[in-house]
Amino acid sequence: MSSASRWQWETATAGAVAGFATVAAMHPLDVVRTRFQVNDGRVLNLPTYKNTAHAIFTIARLEGLRGLYAGFSPAVLGSTVSWGLYFFFYGRAKERYSKDREKQLSAGLHLASAAEAGALVSLCTNPIWLVKTRLQLQTPLHQTRPYSGFYDALRTIIREEGWAALYKGLLPSLFLVSHGAIQFTAYEELRKIVVDFKSKNSRTHYGSADRVLVIRSRLQQRPSSEGIPRYMDSWHVVRETARFEGIRGFYKGITPNLLKNVPASSITFIVYENVLKFLKLARTNE
């Protein structure tokens, strides 16, 4: 195996391990975020929570640990596959852009590499995230027959709604690529600064990402028992949310999202760097 190919698989492996570690640590907040995002106050089969802490305690009391980790299997699968593919595609894109370039890649090329990787990952993993959202929204108040697990949900969705249903929420997911691309560009630039022993400040903004996450979560809800979807497309979600909930509706779940994303980003990159360092050390000792 060539050194370039070996490096790409090492980055993919490190990314997969980082994805698993992040989900295992932060999944309860992801469940809370999803439930806040889809609750528009007009659906009776979704519980109402006062705030993030109340949601966590209520879910733990009524549904137990299983409720806090609802959708954990597809979340682990999706995050592991997503981060593995992301770092793989990201490495390939950086390698392609760096050909015939002696200097380090610019921030613009890092941004392009990250955006390209994010779009490819979204196309590959959207069905997994759809199933995860559906499982997270199953509560004791649910009237439709609950999915027994990941594979049952996948089979039921295909049988009742068709293959196209697996790609509900894809458009908002592609918009979210810009958020990940900015995050990765900031990571690369900060990493470059640390390596060069310089100092600089960097910030990441989550507001626009939260608006798009609300749209995606609502699109990915399970249809009613009559098979009628609550929302037809992204624009329908935007219109209905603005009409009944105003601008606040687009920011539902922002607190658990921030509580999840800030440490999650740190966990992902710390685990990634350390696993990559371990793999490189193992290779040099062969």
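Modeller: Six helices, α1 (3-38), α3 (72-97), α4 (107-136), α6 (170-195), α7 (207-219) and α9 (254-284), each contribute at least two residues to the lining of the largest cavity; helices are DSSP runs of H or I with at least four residues, strands runs of E with at least two, numbered from the N terminus. The model is predicted, so that local features need pLDDT of at least 70 and side-chain atom pairs pLDDT 80 or more, whereas totals for chains, interfaces and linings use all residues. Residues are numbered from 1 along each chain as its sequence is written, and side-chain values use heavy atoms, without hydrogens and water.

A cavity is a set of points on a 1 Å grid over the protein atoms alone where a 1.4 Å probe fits but cannot get out, and lining residues have an atom within 4 Å of a point. Three cavities of 30 Å³ or more are found, and the largest has a volume of about 890 Å³, the space filled by probe spheres set on its points, which are joined across faces, edges and corners. Its lining comprises 35 residues, of which Trp 83, Trp 129, Arg 216, Lys 260 and Asn 261 are the closest to its centre.

By class, 14 lining residues are nonpolar, 16 polar and five charged (Ala, Val, Leu, Ile, Met, Phe, Trp, Tyr, Cys and Pro are nonpolar; Asp, Glu, Lys and Arg charged; the others, Gly among them, polar). The largest cavity lies between domain 1 (1-70 + 253-285) and domain 2 (74-168), because both give residues to its lining; these bounds come from an automatic or database domain assignment. The protein as a whole has nine helices and zero strands.

Methods:
1 Å grid on protein atoms, 1.4 Å probe; cavity = no way out; pocket = protein on both sides within 12 Å on 5 of 7 lines; lining within 4 Å.
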